[in-house]
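Please open the model in a viewer and keep the sequence panel at hand.

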Amino acid sequence: MSKEKVFPKDFLWGGAIAANQAEGAWNVDGKGASQADMTRGGIISGETDQQIDPNLYYASHEAIDFYHQYKEDVQMFSEMGFSLFRTSIAWSRIFPKGDEKEPNEKGLQFYDDLFDELLGKGIQPMITISHYEMPIHLVDEYGGWSNRQLIEFFSRFCEVIFKRYKDKVKYWLTFNEINNMHKIPLATGGVRIKNEEEPLQEIYQASHHMFVANSHAVRLCKEIIPDSMIGAMLSLSVLYPNSCRPEDVFETNTYRRRHLFYSDVMIRGEYPTYVDRIFKEHTISINMEEGDLELLKAHTCEYLAFSYYLSSTHKAGMPILTHTGGVRGIDNPYLPKSKWGWQIDPIGLRIVCNELTDRYNVPLFIVENGYGDVDSINEDGSIHDIDRTNFLKEHLVEIYNAIEDGCDVRGFAWWGPIDIVSAGTGEMKKRYGFIHVDKDNEGNGSLKRTKKDSFYEFQKIIESNGASLFSK
Ligand code: BG6
């Protein structure tokens, strides 16, 4: 008799959002402005202003008003059967400017209430400490992570939230998609690149500061919450060579290393040898302080969380572009695409899980995977989002396969279980949710929540711990 296909007993099922894409209430209860609050039209296609112009529309200012409506939303997550919910703590809610000595109590209270609500429904919070939302004051006055002083500010932020939530939050992540420092350094690290021609010196220097801050965060987290897990978070779409031409294969591998460089340092605890050549060729010299390298070695991340949306292909000599979904090269003729041109590749997810297991052999969490689509509401209020359900199921089957391959995948969080503002484009039209939110790209709408068909599909999957994926 063949054994029943089912996910591991303690597998965590859920969804993920980021504070700036959902909460709104951008200046409520003492919150300061973040880099995201100054951005119109998203971090890829939009603009970040120096001053907020009250006549212009900033999507994060209200977002889906999760700040005030989270109880209703958490109730729906619970109905779906979630055991995991990843969100971020908006840094500027706790330290409005970022460099204060004392935190903002009202901001801390909000997350206390949110975590209580989640825990009361059996949902584990997983917290990203910094998700594309640095206080704008740290960007403007200090230059973001290019300034070593940020380590002190970030460590203070970490210490405050670890102490406050030590009994409530056991899963932590330091920086969202830290490897996006190369392509979106302003959102990822608060860095406005000064020399666009030769940005690598600034990127690697800022990354070094983030590595040191990451190790301080790991140290503090384990001291304050010994029974917690703290991980690294990367964007890891797959990039295939466009052909079997060795040049294509080698250069693709070189780009892959540029991404895995971040987890190499944060998990293995040291700068990999391949980086020496990059530093030499681009005359990069990293300013380090005594003890930095020892710190990186002593306090490493225990697990690797990643986002996975798509795959692409690369031909030697072609520039590499990126969007929030990952690397964007030449389209793969074997794969379909979403309306935003993101190629759908479930097997790619199995490939990444295996690659990461071979390289690091640490627990993995898929903390972002999702399908942005245009949804239409029928007259009776129903929303038939079959493509989203198919995407979900096909990717989950490959996660199951990866686990069978021997990968220690501990959990899955769908990106945007409720419609939120798109990070890349600032749109509401690009919907990921199992729950629809009545709001359009210009900010009109009642914010009413409506369950889509995929809501019930995910509910069935979770209820059966994945078994329903394989039943006829
Ligand atoms: C990831 C980010 O890059 O992709 C999220 O961590 C983002 O913040 C997600 O929302 C999907 O991208 P987009 O541009 O469709 O919102």
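## First stop: a serine in helix 8

Begin by selecting S207, which is found in helix 8. Helices here are DSSP runs of H or I with at least four residues, strands are runs of E with at least two, and both are numbered from the N terminus. The model is a predicted one, in which local features need pLDDT of at least 70 and side-chain atom pairs count only at pLDDT 80 or more, while totals for chains, interfaces and linings use all residues. Residues are numbered from 1 along each chain as its sequence is written, and side-chain values use heavy atoms, with hydrogens and water left out.

Is S207 buried or exposed? At 0% relative accessibility, S207 counts as buried; the term means under 20% relative accessible area, whereas exposed means over 50% and partly exposed lies in between, with a 1.4 Å probe and protein chains only.

A salt bridge requires a side-chain nitrogen of Lys or Arg within 4 Å of a carboxyl oxygen of Asp or Glu. E223 is exposed, at 51% relative accessible area, and R219 is partly exposed, at 26%.

Next, select W145, F162, W172 and F458, the residues that touch the most other members of the largest nonpolar core, a set of 151 residues. Helix 8 (residues 200-224) supplies the largest share of this core, 13 residues. A nonpolar core is a set of buried Ala, Val, Leu, Ile, Met, Phe, Trp, Tyr and Cys residues joined through side-chain atoms within 4.5 Å. In soluble globular proteins, nonpolar side chains tend to be buried together.

## The ligand

Select the ligand and the residues around it. Which of the 15 residues in this shell come nearest? They are Q21, E177, T324, K430 and Y432; a residue is near if one of its heavy atoms lies within 4 Å. The shell comprises six nonpolar, six polar and three charged residues. For this count, Ala, Val, Leu, Ile, Met, Phe, Trp, Tyr, Cys and Pro are nonpolar, Asp, Glu, Lys and Arg are charged, and the others, Gly among them, are polar.

An N or O atom in the side chain of K430 is 2.7 Å from an oxygen atom of the ligand. N176 places a polar side-chain atom 3.0 Å from a ligand oxygen, and S422 places one at 3.2 Å. The protein buries 100% of the 380 Å² that the ligand exposes when taken alone; these areas come from the Shrake-Rupley method with a 1.4 Å probe, and for residues only the protein chains shown count as cover.

## Salt bridges across the chain

The whole structure contains 41 salt bridges. K168 lies in the loop between helix 6 (149-164) and strand 6 (171-175) and D112 in helix 4 (residues 105-120), so the pair ties together parts that are 56 residues apart in sequence. K168, at 18% relative accessibility, counts as buried, as does D112 at 8%.

Move on to R350 and D405, a salt bridge with its closest N and O atoms 2.7 Å apart. This pair links distant parts of the chain, 55 residues apart: R350 is in helix 12 (residues 346-360) and D405 in helix 13 (residues 386-405). R350 is partly exposed at 27%, and D405 is partly exposed at 34%. Then select D375, D385, R388, D419, R431 and K452 together, as salt bridges that share partners join them into one network.

## Last stop: the end of helix 10

Finally, select E281 in helix 10 (residues 274-281). E281 is exposed, with a relative accessible area of 52%, and a polar contact of 2.7 Å joins its side chain to that of R277.

Terms used:
A polar contact is a pair of N or O atoms within 3.5 Å; within protein, one must be able to donate a hydrogen and the other to accept it, and residues adjacent in sequence count only if both atoms are side-chain atoms.
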